[in-house]
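Student: I have a model open and would like to talk through its features with you. Could you put it up so that we are looking at the same thing?

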Amino acid sequence: MLAFIRTKGRYTILAILGLVLAVLIVSGYALFASPNYSRLNFMQRFVVREVMGKWAKQVQALPEEKRVLVDYDHLLAGLNFIEKNLVQQILAINPKELGFQGPFHSLEKPVNLVKIAPWTYKRDGQQKSTGSQYCPAAAYNDYLKMMAQMRRDLGRELCIESGYRSPGFQAFNFLRYLVMNHDFSLMRAARLNALPGYSEHQDPVNNALDFINAEGINGDCPQTPEDFERLPEYQWLLKHAHKFNFHLSYPRDNQLGISFEPWHWHWQQPGSGNLATDTK
Ligand SMILES: [Zn+2]
């Protein structure tokens, strides 16, 4: 009887060990498998969520004016081996494989960035802020001239919600959207957020600006691009922005694999070649 119980106990321990081993093998395989572009697997979803939690804290801990300039290596330094491995795998994907057709811009920091003080506005009864933003000087000067004209014509103006972004901040944004808005689909995230180096917000000279109006309309979720499209400010930009070297990068049904972004305008140095992607 005793021998039977001992044998049974041994089998039970072996079964538990076998189960633990199987779980470890499956989890390990899921962790180190190449990311699926349509949806990350269960282990990768868990790790990316952990990374997002850490990065959000790291960015929040920086002085307010340093957040959009956060260093990529600083973000990586806070991750363990498994987290770092997955993030580097994701950011090494060629964006063309995710359906993004835009060019590579740069990972270098522009030399002549102008600091733009935070702009506060009220939306849904809450006080909000754009936070400090940055923009290369030439683009900023044209923005100021363009707004002076818009004020004369319409009595309205647009503020800069996003200008230059460091590769670290672009990576942070990509993961944030991947986790929060795109259900862990790399392909869907790439339609709204370029991977680091591929955003017009990272070009050292021909930088892009995202605009927000005085009432806090920027077309971002839960608003829609059509909310921004309906603004008189947007209609004015369509007619006049090119005179100030700003061009709409992502019109509806553009060929670059990017969603319609009526708030996103690309400043292009006069004579810098055929950079315009809009048809206007
Ligand atoms: Zn933009």
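Student: How do strand 6 and strand 8 pair, and over how many bridges?

Tutor: Strand 6 (residues 208-213) and strand 8 (residues 264-267) pair in the antiparallel sense, over three bridges. Two strands are taken to pair if DSSP finds at least two bridges between them, and the elements themselves are DSSP runs numbered from the N terminus, helices being H or I with at least four residues and strands E with at least two. This is a predicted model, in which local features need pLDDT of at least 70 and side-chain atom pairs count only at pLDDT 80 or more, while totals for chains, interfaces and linings use all residues. Residues are numbered from 1 along each chain as its sequence is written.

Student: Which residue stands opposite Ala-208?

Tutor: The residue opposite Ala-208 is His-266, in strand 8.

Student: What sheet do these strands belong to, and which strands are at its edges?

Tutor: The sheet is an open one of four strands in the order 5-6-8-7, with antiparallel pairing. Its edge strands, each pairing on one side only, are strand 5 (158-162) and strand 7 (246-248). On average, neighbouring strands of this sheet are turned by 45° against each other with direction ignored, where the axes are lines fitted to C-alpha atoms (for helices over the stretch in contact) and angles in general run from 0 to 180 degrees between N-to-C directions.

Student: New topic: which residues have the most contacts inside the largest nonpolar core?

Tutor: They are Val-48, Phe-172, Leu-175, Leu-209, Phe-211 and Trp-265, in a core of 50 residues. Helix 6 (residues 167-180) supplies the largest share of this core, six residues. A nonpolar core here is a set of buried Ala, Val, Leu, Ile, Met, Phe, Trp, Tyr and Cys residues joined through C-beta atoms within 7 Å.

Student: What is Leu-175 in contact with?

Tutor: Leaving aside neighbours within four places in sequence, Leu-175 is in contact with Val-48, Val-51, Met-52 and Trp-55.

Student: Which residues of helix 2 are buried?

Tutor: In helix 2, the buried residues are Gln-44, Val-47, Val-48, Val-51 and Trp-55. They are on the same side of helix 2, because they cover an arc of only 95° around the axis, the arc being that of the directions from the helix axis to the C-beta atoms. On the other side of helix 2, Gly-53, Lys-57, Gln-60 and Ala-61 are exposed.

Student: How far does helix 2 reach?

Tutor: Helix 2 (residues 42-61) has 20 residues and reaches 29 Å from its first C-alpha to its last, close to the 28 Å expected, where the expected span is 1.5 Å times one less than the number of residues.

Student: What about helix 5, where are its buried residues?

Tutor: Seen down the axis of helix 5, the buried residues fall within an arc of 160°, so they line one face of the helix. These are Ala-139, Tyr-140, Asp-142, Tyr-143, Met-146 and Met-150, whereas Ala-137, Leu-144, Ala-148, Arg-151 and Arg-152 are exposed on the other side of helix 5.

Student: Where does Asp-253 lie, and is it buried or exposed?

Tutor: Asp-253 lies in the loop between strand 7 and strand 8 and is exposed, with 6 other C-beta atoms within 10 Å.

Technical notes
A residue is buried if 20 or more other C-beta atoms lie within 10 Å of its own, exposed if 12 or fewer, and partly exposed in between; C-beta atoms are placed from the backbone. Two residues are in contact if their C-beta atoms, placed from the backbone, lie within 7 Å.
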